[in-house]
Amino acid sequence: MKNTVLTFQEAKEKGEKLTMLTAYDYSTAKLIDEAGINSILVGDSLGNVILGYENTISVTMEDMIHHSAAVARGASNAMVVTDMPFMSYQTSVYDAVVNAGRLIKEGHADAVKIEGGVNIKEQIKAIVETGIPVCGHVGLTPQSIKAFGGFKIQGRDEEAAMRIIEDAKAVEEAGAFCVVIEGVPSQVAVKITEQLSIPTIGIGASSACDGQVLVYQDMLGMFSDFTPKFVKKYANIGDIMKEAFVKFKEEVSAGVFPAKENEY
Ligand code: KIV
């Protein structure tokens with residue numbers, strides 16, 4: 001059955017944990033969907049893991065639409081949540097609504113994700129009022145790394161923690177159906193999860209959250225540029241892929257592949 005905003009709300013009410021994984025293409029989306037994961041996030045992390053940028057700043061609306069549409073074709077049951085890239089919503093409420101609309105109409109997303117809290121409350125409200133579900137994102141928001149001075153855990157002191165809690169509350173008040181909390185001390189995630197009636201989805205934000213999200217290349221050991229502490233490797237697919245690539249090279253060089261059964 002298709003996961004929707006209702007699935008998310010029911011899970012929070014029943015205390016059932018939600019699962020979300022990133023995907024950026026059709027085949028991976030299909031595998032994640034078949035595994036029964038609640039939601040697929042077409043994250044702007046595609047800037048890092050697909051396009052090879054150092055951060056997510058350069059990702060464009062066209063990048064997001066292209067990958068979102070591919071994922072949507074592979075996701076029958078998982079709810080597709082697509083990231084609004086840097087500068088697609090910060091500039092004005094009008095830009096936010098137009099660009100969220102494009103992710104739904106052209107990217108075939110079920111919902112959009114947007115980074116920030118108090119500062120973008122009006123944007124979230126306006127998008128929700130058009131009938132587009134919004135997932136918030138607070139804490140270590142990667143589009144703000146230049147302001148943070150790098151990928152640094154946020155909310156370490158009392159004042160910073162309070163600001164993140166206020167951000168999460170603003171996201172809920174604006175009408176978001178869930179909120180991602182990234183890179184904060186566990187106590188901050190505990191407080192937000194207790195105080196919000198919408199589900200919290202954590203990444204580097206402890207088991208207190210109502211659900212968890214990971215970048216699939218991280219959890220499968222396919223991305224080695226950097227591995228944050230919050231990542232758990234569920235498999236070493238990167239090594240398996242490399243072994244297969246080497247074997248292919250060896251067999252082609254030795255004339256073993258293609259074999260008779262591979263010929264017409
Ligand atoms: O872009 C992304 O993949 C994300 C997750 C890390 C939450 O925003």
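This report walks through a predicted model of a protein chain with a ligand.

## The chain as a whole

Let's start with the overall fold. The protein chain contains eleven helices and eight strands. Its radius of gyration is 19 Å, close to the 18 Å that the globule rule gives for 264 residues, so the chain is as compact as a globular protein of that length. If you follow the C-alpha trace along its principal axes, it spans about 65 × 40 × 40 Å.

How much of the chain is buried? Buried residues account for 50% of the 264 residues.

## Around the ligand

Now look for the ligand in the structure. Which residues surround the ligand? They are Thr22, Leu41, Gly43, Asp44, Ser45, Asp83, Lys113, His137, Val180, Glu182, Ile203 and Val215. Sorted by class, this shell has four nonpolar, four polar and four charged residues.

Several side chains place polar atoms by the oxygen atoms of the ligand. For Ser45, an N or O atom of the side chain is 2.5 Å from a ligand oxygen. For Lys113, the distance from a polar side-chain atom to an oxygen atom of the ligand is 2.9 Å, and for Asp83 it is 3.1 Å. On its own, the ligand has 260 Å² of accessible area, and the protein covers 95% of this.

## A closer look at Lys113

You will find Lys113 in strand β4, which runs over residues 111-115. Is Lys113 buried or exposed? Its relative accessibility is 2%, so Lys113 counts as buried, the cut-off being under 20%.

Besides its place by the ligand, Lys113 has a polar contact of 2.7 Å with Asp83, side chain to side chain. Leaving aside neighbours within four places in sequence, Lys113 is in contact with Leu41, Val81, Thr82, Asp83, Met84, Cys135, Gly136, His137 and Val180. Among them, Leu41, Asp83, His137 and Val180 also belong to the residues around the ligand.

Next, find Thr7 in helix α1, made of residues 5-14. With a relative accessible area of 23%, Thr7 is partly exposed. A polar atom of the Thr7 side chain lies 2.8 Å from the backbone nitrogen of Thr4.

Not counting residues up to four places away in sequence, Thr7 touches Lys2, Leu18 and Asn38. Thr7 and Val134 are 127 residues apart in sequence, and their C-alpha atoms are 14 Å apart in space.

## Backbone details to spot

Most residues other than glycine have a negative phi, and most peptide bonds are trans. With that in mind, here are some places to check.

Met87 has a positive phi, near 75°. Met87 sits in the loop between β3 (79-83) and α5 (93-105), and at 43% relative accessibility it counts as partly exposed. Ser206 also has a positive phi, near 75°. The loop holding Ser206 runs between β7 (200-203) and β8 (211-214), and Ser206 is partly exposed with a relative accessible area of 24%. Finally, a cis peptide bond joins Phe257 and Pro258, with omega about 0°. Pro258 belongs to the segment after α11 (237-254).

Methods: Residues are numbered from 1 along each chain as its sequence is written. This is a predicted model: local features need pLDDT of at least 70, side-chain atom pairs count only at pLDDT 80 or more; totals for chains, interfaces and linings use all residues. Side-chain values use heavy atoms; hydrogens and water are left out. A residue is near a molecule or strand if one of its heavy atoms lies within 4 Å of it. A polar contact is a pair of N or O atoms within 3.5 Å; within protein, one must be able to donate a hydrogen and the other to accept it, and residues adjacent in sequence count only if both atoms are side-chain atoms. Accessible areas come from the Shrake-Rupley method with a 1.4 Å probe; for residues, only the protein chains shown count as cover. Ala, Val, Leu, Ile, Met, Phe, Trp, Tyr, Cys and Pro count as nonpolar, Asp, Glu, Lys and Arg as charged, and the others, Gly among them, as polar. Helices (H or I, at least four residues) and strands (E, at least two) are DSSP runs, numbered from the N terminus. The radius of gyration is taken over C-alpha atoms; the globule rule is 2.2 Å times the number of residues to the power 0.38. Buried means under 20% relative accessible area, exposed over 50%, partly exposed in between (1.4 Å probe, protein chains only). Contact means heavy atoms within 4.5 Å.
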